[in-house]
Amino acid sequence: MLQKLRAAFEDFGRMLIFAGETFAWVFRPPLRVEQVLAQMAFIGVGSAFIVGATGAAAGMVFALQMNFALKRFAAEGFVGGSVAFSLARELSPVFTALMVTGRSGSAIATELGTMRVTEQIDAMESMAVSPIQYLVVPRVLASLAMFPVLTMVFNVIGYAGAYLIGVYVAGIPIGPFVEHTREFMNPSDIMHGLYKALVFGLIVSVITTWRGYSAFGGAKGVGEGTTRAVVWSSVAVLLADYVITFIAVGT
C-alpha cells in the first residue's frame with residue numbers, strides 16, 4: 001500500500017515537472033502555428049458534434065425538469081433563466097470538458113503513447129527536436145483556445161434546446177421565457193463558465209499528454225495509459241470544478 005502511494009506521488013511529481021517544461025517551451029521559438037491549428041481543428045471542430053448533441057440533450061432535459069418543478073409554484077416563466085444560469089456557470093464547462101476528454105483526450109494519450117512505445121519520440125530527441133515543443137505544446141495551446149469556444153457552443157445549443165421544449169412543448173409564453181433569462185443572467189455568469197473551461201482545458205491537455213508521453217510496455221501500456229488519462233482527467237475536472245465554485249461563491 002505504501003509503495004503504491006509513493007509511486008502515485010512520484011508520478012504526480014513527474015507530471016508537474018512535465019507541465020513546467022511544457023510552459024517553458026511555450027515561450028521559446030519557433031512557435032509551430034501549423035501544428036497548433038491542426039490540433040485546434042482536431043480538438044475543437046472534431047468535438048463540436050458530440051458537444052452540441054450533449055448540449056441539446058442537457059438543455060431539453062433540464063427544461064423539462066425545471067418546468068415540472070416550477071409548475072407547482074406557478075413560476076414556469078422562470079424556466080428559461082434557470083436553465084441559462086445553470087448552463088453558463090456549471091453544466092456547459094463541466095460537460096464539455098468530460099465530452100472532449102472522452103473524445104479527444106483519449107486520442108491524444110493513445111497517439112503519444114504509441115509514438116513513445118514505437119520509439120518515435122526517442123528518434124525525435126536523437127535529431128535534437130524537442131518532443132515537448134513539437135508534440136505537447138501545440139495540444140496544450142489548442143486545448144486552451146478551444147475549450148472556451150466549445151463551452152459557448154454548448155451554451156447556445158443547450159439554451160436553444162431548452163427554448164424549444166419550454167415554448168413549444170411546455171407552452172411557456174415566449175415573453176416571460178426570454179425576459180426572465182435576461183433578469184437571471186449577467187455577463188459575469190458567462191465569464192465564470194469560460195474561466196472554468198480555460199482551467200479544464202489546461203488540466204485535460206496536461207494530463208492526457210503526460211499519460212501518453214510517459215507510456216511504456218507496448219500495446220498494453222498504451223491502453224492503460226489512455227484509461228488513466230481519461231479517468232484522471234475526469235476526476236481532476238470535477239475536483240477543480242468544486243474548488244473554483246467554492247472560491248467564487250462559497251466564501
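Me: In this structure, what is the relative accessible area of phenylalanine 177, and is that residue buried or exposed?
Reply: Happy to start there, with the reminder that this is a predicted model. Buried means under 20% relative accessible area. Phenylalanine 177 falls under that cut-off and is buried, with a relative accessible area of 0%.

Me: Which residues of helix H7 are buried, and which helices are included in what covers them?
Reply: Helix H7 runs over residues 174-184, and its buried residues are Phe177, His180 and Thr181. They cover an arc of only 110 degrees around the axis, so they sit on the same side of H7. What covers them includes helix H4 (79-117) and helix H6 (131-169).

Me: What kind of aromatic pair do tyrosine 163 and phenylalanine 177 form?
Reply: Tyrosine 163 lies in helix H6 and phenylalanine 177 in helix H7, so their pair ties together parts that are 14 residues apart in sequence. The ring centres are 5.6 Å apart, with 85 degrees between the planes. Planes over 60 degrees apart count as edge-to-face, so the pair of tyrosine 163 and phenylalanine 177 is edge-to-face.

Me: Which residues do ring pairs link into a cluster?
Reply: A search of the whole structure finds 8 aromatic pairs. Ring pairs link these residues into a cluster: Tyr159, Tyr163, Tyr168 and Phe177.

Me: How many residues apart in sequence are the parts tied together by the pair of phenylalanine 18 and tyrosine 213?
Reply: These two rings form a tilted pair, 5.3 Å centre to centre and with 40 degrees between the planes. Phenylalanine 18 counts as buried at 3% relative accessibility, and tyrosine 213 counts as buried at 12%. Phenylalanine 18 belongs to helix H1 (residues 2-26) and tyrosine 213 to helix H8 (residues 187-213), so the parts tied together are apart in sequence by 195 residues.

Me: Which charged end sits over the ring of tyrosine 213, and how far is it from the ring centre?
Reply: A charge sits over a ring if, among other conditions, CZ of Arg is within 6 Å of the ring centre. For the ring of tyrosine 213, the charged end belongs to arginine 116, and its distance from the centre is 4.6 Å.

Me: Which helices do the buried residues of H2 pack against?
Reply: The buried residues of H2 are Val36, Gln39, Ile43 and Gly44. They cover an arc of only 110 degrees around the axis, which puts them on the same side of H2. On the other side, Glu34, Leu37 and Val45 are exposed. The buried residues pack against helix H3 (48-70), H4 and H6.

Definitions and conventions:
Residues numbered from 1 in each chain as written. Predicted model: local features only at pLDDT ≥ 70, side-chain atom pairs only at ≥ 80, totals over all residues. Heavy atoms only, no water. Buried < 20%, exposed > 50% of the residue type's maximum accessible area, 1.4 Å probe, protein only. Helix = DSSP H or I, 4+ residues; strand = E, 2+ residues; numbered from the N terminus. Arc of directions from axis to C-beta. Contact = heavy atoms within 4.5 Å. Phe/Tyr/Trp six-rings, centres within 6.5 Å; stacked < 30°, edge-to-face > 60°. Lys NZ or Arg CZ within 6 Å of the ring centre and 35° of its normal.
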